[in-house]
Structure formats: structure tokens, C-alpha cells
Amino acid sequence: MDTMRERFTSTVSRLLDEDPRLALVLADIGADGFRQAQHKHPDRVINVGIREQLLIGTGGGLALTGMRPVMHTFAAFLVERPFEQVKLDFGHQGVGGILVSAGGSYDWPAGGFTHMAPGDVALLDTLDGWTVHVPGHPDEAETLLRHAAAAGDDKVYVRLSMQSNAAARPVDGAGLLSVREGRDGVVVAVGPMLDNVLAAVEGLDVSVLYATTVRPFDGAAVRAATGRGRADVVIVEPYLAGTSSGAAGDALNDIPHRVLGLGVQRQELRRYGQLPEHLAAHGLDATTLRERINGFLSR
């Protein structure tokens, strides 16, 4: 199976052939995969080098001309480093584009903390009007990338990861998908967290909702899954813990409820390790998730 990032390369290369309005802006990272596309579309595949603020500024300029720009690099360099440009060149200017990240929270531990961005979705959440997709499988990444490319002039962030679920789900770029139903609580699994969540709740009488589009947050689906009366909701996200807890609370604000946000903790892990070790250190492996979910729901 290919990775989400490999699927991004093949999908956007095809989209460049299909849609003359689409443009791709790179900052060196990932440029090798688009050499053929750049040869075919030299005016619409632009590599600005290691200049992330220019990456966003160029995309914003293309959007002002009526183009649909796709901007790609590691999440830390796409959202965090040029955040002012994201805020002004897209939000303030009132134009749309597609940010596509790699690296995620800790996909490349050897790169160190400079290449990690567990706070990217929370940071982007401070701005108005962004759609955020978090696919959990390469097939879902392709679906959501195509959805983003066709989304008029909307502002869209697609967060790719080396983590992947074993199988794709029929995602639609909109609401949450019900995976199983139960009576003792609701667990929302975001993107590549689904397989670990399903392993963690095996034998528990809980509902599981699958989220690959986290903004706008589908509060109606969470509310419907809780039924009537007291609502206990756990959200398992592959980025900063609690990023969506407020959105879930808002959806349930008129009924008694508890929300537990599980995800990447704020403290920096200073040992490189490997991706599974980071998952375990943040309590996102199946065994620890079961302990935390069961402990919360049984209280």
C-alpha cells in the first residue's frame, strides 16, 4: 500500500492535468515527486525553495488571480512558521486555497521537535472559515484531496500522516461516520486513530464515530449518538489533546455531559525513538487507550 503522501503526489499530478485552474506551490519538500508535473505545467508548479512565508504568499497571490492553489510542506513549516501569512494572505484577503501537510505530530521523530506540529489544528482553529480534513488511509486522502480541489474558493487544510488504518472508510468530506453503536458512551476517533480506538473498545458497549473532517465539527452526529440523558464523550485525536473538546461541549451544552480529550500531550519528548514509541508515550496505543477510556466511562 502506498502512503498518504505518495497518494497526494499522484492525485495532485492528475488534478493538474484535469483542472487548468489548479496550481501547486512547494518549498523544496516533496519537489522530486512533481518533476514530471512541473515539466508538463511549468507555469502552475512552482518551487519557492526553503521559504515557507513565501510559499503561503505565493499561494495567496495565485488565489487573488482566480487560481486554486495547493501549498505543501511539513505541518510545522506550513501552519506554524508562516501563520501570519496564512492569517492575512488568505483570511484577511478573503481568498481560498488548499494547505496539504506532511509530518504531522511526530511522523519523523529523528527530525526532532522542529519537524513536529501537534498544535497545527488547534492553531488553525483560531482562524475563521477553515475546513480541516484528517484522512486515516491513502484512499481517504485521495477522496478528500479531490473534494478540496473541487471546493470552489474555500480554505481547506488536509493533514496527511505516515500513520494509517488498515482499511479505508467511505468518507464524504462532511460529517462523522458511525462505525459501531453502543449504550455506555461515545468515542470519536479522528483519522489514523481509528484502528487503535476499535482495538481499545473491543468488548465495551460504546458507540464509535469516525472523523476525517474535523472542521466544521459535526456536533449533530455526536449529539445523535449520545441519545437522551447524560452524555459521555471521548475524542481521540492524533494531535494536541483537547483540540475538539470545546466543539463537542458546545454541541451538548444543553444536556448533562462529560468530554474527555485524548491526544498528544504538551510536554516535549526529547528522545527520538520511533513513531510507535511516541504513540505509547502519549497514551495513544490501544492498550493505554483502553485503560483511559474505560476508566473515564466507568466513573
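A: A salt bridge here is a side-chain nitrogen of Lys or Arg within 4 Å of a carboxyl oxygen of Asp or Glu. This is a predicted model, in which local features need pLDDT of at least 70 and side-chain atom pairs count only at pLDDT 80 or more, while totals for chains, interfaces and linings use all residues. Residues are numbered from 1 along each chain as its sequence is written, and side-chain values use heavy atoms, with hydrogens and water left out.

By this rule there are 16 salt bridges. One of them joins Glu 268 and Arg 270, with 3.4 Å from N to O. For accessibility, buried means under 20% relative accessible area, exposed over 50%, and partly exposed in between (1.4 Å probe, protein chains only). Glu 268 is partly exposed at 31%, and Arg 270 is exposed at 68%.

Another salt bridge pairs Arg 81 with Glu 52, whose closest N and O atoms are 3.1 Å apart. This pair links distant parts of the chain, 29 residues apart: Arg 81 is in the loop between α4 (75–80) and α5 (83–92), and Glu 52 is in helix α3 (residues 52–64). Helices (H or I, at least four residues) and strands (E, at least two) are DSSP runs, numbered from the N terminus. Arg 81 is partly exposed, at 43% relative accessibility, whereas Glu 52 is buried, at 4%.

Helix α7 (residues 138–149) holds both Glu 142 and Arg 146, which are four residues apart, about one turn of the helix. Their closest N and O atoms are 3.6 Å apart, and the two form a salt bridge. Arg 146 is partly exposed, with 27% relative accessibility. Glu 142 and Arg 146 also belong to a network of salt bridges that links them with Asp 2, Arg 7, Arg 14, Glu 18 and Asp 139.

Glu 140 lies in helix α7 too. Glu 140 is buried but has no salt bridge. Lys and Arg count as positive and Asp and Glu as negative, while His and the chain ends are not counted; the nearest side chain of opposite charge to Glu 140 is Arg 169, 5.9 Å away. The side chain of Glu 140 does reach the backbone nitrogen of Gly 136, at 2.7 Å. Contact means heavy atoms within 4.5 Å. Leaving aside neighbours within four places in sequence, Glu 140 is in contact with Pro 135, Ala 167, Ala 168, Arg 169, Val 171, Tyr 210 and Thr 212.

Notes
A polar contact is a pair of N or O atoms within 3.5 Å; within protein, one must be able to donate a hydrogen and the other to accept it, and residues adjacent in sequence count only if both atoms are side-chain atoms.
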